[in-house]
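Student: Could you walk me through this one before I set anything up with it? I'd like to start with how the chains meet and then go into each of them.

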Amino acid sequence: MNSDIHAKDAPLRLAIVGCGAISEQAHIPAAARVDEVRLAALVDTDMTHAKVLAAQFNVPTAVSSLQDCWDDIDAVILATPPHVRSKLALQSFSKGLHVLCEKPMANSSAECVEMIASARMAKRTLAVAHTYRFFPNRAYARTLYKSGRLGRMISVHIEQGDPFGWPTRTLYTLRQNMVPGGVLFNEGIHALDLLWWWFGAPESFDYQDDSLGGLESNTHLTLKYKEGGIAHFRLSRTCSLKNKVAMQFEKGFVAFPLYEMAGLTLELNGQSKQLVVHTTPWDYVEIAARQLQDFALAAIQDRPAIVPGEEGAIVIEMIESYYKKAAQRVRPARTPLPGVTW
Amino acid sequence: MVNYAGVHVLVTGATGFIGARLAERLAFEEKASVRALVRDMRKSVWLSRSPMELVVGDVTEKLSLEKAVAGCDIVFHCVGVGGSSETCQAVNTEGTRNVLEAAQAAGVKRLVYLSSVAVYGPSLPDHADETAPSLRTGASYGDSKVEAEELISRFVLDHSMTVIVLQPTFVWGPRSEWFTVDPIRQMAKGAWQLVDEGQGTCHAVYVDNLVDAIMLAGLRPSLKSGEKFLVTDDQPCTWGEFWLPHARMVGKSSLPSFPSTRTTKHPIRLLHRWLWKFRDWLGDHCPDSGPFRYVVLAPRFVIRKGTALLRVETIYSDWDLIKYARRYHLDIAKAKTYLGYNPKVSRADGMQEIERWLRDQRIIS
């Protein structure tokens, strides 16, 4: 087993599987900032691209398959399209590797259950890259909320929308044979994870999207919570929305731009202020580095990661329930207006 | 109506305004087996909402077309681009040749080609129909469509595949950049103008009415190969009646007007152009700093302010001025008789759908 030969104080030998946009822009450069890991290999079915990135980032090995390097590593980041993540995770656990899995962690909750069971059986770490949990402004405001200083949540409004432009190499988010859902599954999952992380499971929901039997590009989601709070989430990959989170509480108000990492607006006890929670220059590489460090320490110290597989699975279950409700709709005789949810 | 259930179709230009609506209606309403030819997958966020096969390809690449047409019964050729004459020629004319040849070779039964009323030039005679002569005007888009139609006329003489040509007028509806989104944005900025107080005739066609015609052309029996059909909404209106409801969506009760007589050859516009050329010349050849800078800056300022008083700034080309000023009636009896075309969406209903869509997509608030 790899961890048998891995010394406790030595860095984890890491492979990144899938060399698409997120690896190139975040995971690979982040690995160089984390003392607890050493990036040993890049894996991609497109070997030419993997070799180019390996040369660019001084990674010693580029291979086309995980099995070509799994005897020489301790952990993997799975940054492939989601339809192959569960298979790769199961293979990794069988070889004694720790797994940091990109979100969504799998295409179905059944696959998530298998991955979690397999990690437990192998006594290995399974973490999910819900990156936004590492944004310091969210963590700060959540601590305030959990301390009770903000009081009960009254309402949350989240808007997320831009015309699709993610520089994906496989374009899997638009391919019905690779993903079970569209914008909610691929882009909205961050906001759903935030809602669950702050407020837990809702009591009921109302969901609409613009799917005509394929992958939705616009959604409206309303979540109702036990104590009367209500969350509205509007999401689009066809139009520009405010890209903002606004939360009204009994005793205060919190708001931040969706992609802002450090700043937030806070109203508490009748006073409003603009806060910058952390002075470190934050960017996505830094966020990915914090996430990777947490994963590595969880593996080395045998403690849960900040986002364990169990929590990654919850969001997949939530999404499945929304899609199930959407699938039960009566089809209108005439094709609905483009993009307008129904 | 026609029955597309289980029919295998290919839609080219499927990420475009008309092609996307056709493809999603064929898949959702008609339950056809739809394959969509997509040049840039990033633009398929509308198409990916429907159960259809997305195939990456380009009408200028024959190999990609061979794969795309394989196994198809009907091809809807909706590709059409504007731009330089080279681009229009390569995509609109030669692309059509490639699609015709690939479809014929693959045993496709029928091809519906989406041409344009632009083949008749900007000045169609009153009560014109499909017998009007097509006209090369020097405009790259229109000329490339004329050439594509000529190519089809020659093609049908010695090929078995049935080819039907549709000539829509100006297509409007949700998702149209040219005829909905851009005008709305211009109106919000106060830049959109009527021509001659909006008294010219508007023969527009709502996208779902056009899609009805396209679907009829695909399966209607006994259509003669090479036949052309003009397609427009049932009743024309004035451009004022067409644009003012749009203006009201952005809170404007009226729109400024520009006289159609002020073409680029009008003496006042010629004067305007020469004054601005002189202004540019001053900027290029005389220093605008140092003690004598006001000798340069003052005339430039005077020209800028003075020419504004001439009120000849317009968003329209000479073609547009003719298009928006002419008063005429188009005859679509042929489409009604032979295709069974019956435009169902009224102008008022179309306006409501546009407004709902614009609000949903936050283009208007």
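Tutor: Keep in mind that this is a predicted model. As for the chains, their contact takes 25 residues from chain A and 23 residues from chain B.

Student: What classes do the residues on the side of chain A that touches chain B fall into?

Tutor: On that side of chain A, 11 residues are polar, 10 are nonpolar and 4 are charged.

Student: Okay, staying with chain A, which domains does the assignment give?

Tutor: The assignment for chain A gives domain 1 as 2-131 + 288-307 and domain 2 as 152-249 + 317-327, and the C-alpha centres of these domains lie 27 Å apart.

Student: And how many residues of each are in contact?

Tutor: In chain A, 11 residues of domain 1 are in contact with 15 residues of domain 2. The domain 1 side of that contact has 6 polar, 4 nonpolar and 1 charged residues by class.

Student: What's the strand order in the open sheet of 8 strands in chain A?

Tutor: The order is 8-9-10-7-11-12-13-14, and the pairing is mixed. Strand 8 (204-209) and strand 14 (271-276) of chain A are the edge strands, each pairing on one side only, and neighbouring strands of this sheet are turned against each other by 10° on average, with direction ignored.

Student: How does strand 8 of chain A pair with strand 9?

Tutor: Strand 8 and strand 9 (residues 218-224) of chain A run antiparallel and are joined by 6 bridges; within this pairing, F205(A) has L223(A) of strand 9 as its bridge partner.

Student: Which strands does helix 8 of chain A touch where it packs on the sheet?

Tutor: Helix 8 (residues 189-199) of chain A touches strand 7 (153-161), strand 9 and strand 10 (230-236) of chain A, and the direction of helix 8 makes about 165° with that of strand 7.

Student: Backbone check before we leave chain A: is the peptide bond from K103(A) to P104(A) cis or trans?

Tutor: That bond is cis, with omega near -15°, and P104(A) lies in the loop between strand 5 (98-102) and helix 5 (109-122) of chain A.

Student: On to chain B, then. What about phi of H127(B)?

Tutor: Phi of H127(B) is near 60°, which is a positive value in a residue other than glycine; H127(B) sits in the loop between strand 5 and helix 4 (140-155) of chain B.

Student: How far apart are the centres of the domains in chain B?

Tutor: The assignment gives domain 1 as 8-174 + 196-234 + 327-345 and domain 2 as 263-313 in chain B, and 45 Å separate their centres, taken over C-alpha atoms.

Student: What does the open sheet of 7 strands in chain B look like?

Tutor: Its order is 3-2-1-4-5-6-11, with parallel pairing. Strand 3 (53-56) and strand 11 (228-231) of chain B stand at the edges with a single partner strand each, so one side of each has no neighbour in the sheet. From one strand to the next, the twist averages 20°.

Student: And how many bridges are there between strand 1 and strand 2 of chain B?

Tutor: Strand 1 (residues 8-12) and strand 2 (residues 33-38) of chain B pair in the parallel sense over 4 bridges, and L10(B) stands opposite R35(B) of strand 2. Helix 1 (residues 17-28) of chain B packs on this sheet, touching strand 1, strand 2, strand 4 (74-77) and strand 5 (110-114), and its direction makes about 165° with that of strand 1.

Student: Helix pairs next: at what angle do helix 2 and helix 3 of chain B pack?

Tutor: Helix 2 (residues 62-69) and helix 3 (residues 85-105) of chain B pack at about 45° with their axes 9 Å apart, and they are therefore oblique to each other. Their crossing is right-handed. In the contact, K62(B), L65(B), E66(B) and V69(B) of helix 2 meet N98(B), V99(B), A102(B) and A103(B) of helix 3, and by class these residues divide into 5 nonpolar, 1 polar and 2 charged.

Student: What about helix 8 and helix 9 of chain B?

Tutor: The axes of helix 8 (residues 267-285) and helix 9 (residues 293-310) of chain B come within 10 Å and cross at roughly 160°, so these helices are roughly antiparallel to each other. The crossing is left-handed. Among the contact residues are L275(B), W276(B) and F278(B) from helix 8 and V296(B), P299(B) and I303(B) from helix 9, and the contact has 9 nonpolar, 3 polar and 2 charged residues by class.

Notes. Residues are numbered from 1 along each chain as its sequence is written. Chains are lettered from A and ligands numbered from 1 in the order in which they are written. This is a predicted model: local features need pLDDT of at least 70, side-chain atom pairs count only at pLDDT 80 or more; totals for chains, interfaces and linings use all residues. Domain bounds come from an automatic or database domain assignment. Axes are lines fitted to C-alpha atoms, for helices over the stretch in contact, and angles run from 0 to 180 degrees between N-to-C directions. Helices (H or I, at least four residues) and strands (E, at least two) are DSSP runs, numbered from the N terminus. Angles under 35 degrees count as roughly parallel, over 145 as roughly antiparallel, 65 to 115 as roughly perpendicular and the rest as oblique. A crossing is left-handed if the near helix is turned anticlockwise from the far one by less than a right angle, and right-handed if clockwise. Two residues are in contact if their C-beta atoms, placed from the backbone, lie within 7 Å. Ala, Val, Leu, Ile, Met, Phe, Trp, Tyr, Cys and Pro count as nonpolar, Asp, Glu, Lys and Arg as charged, and the others, Gly among them, as polar. Two strands pair if DSSP finds at least two bridges between them.
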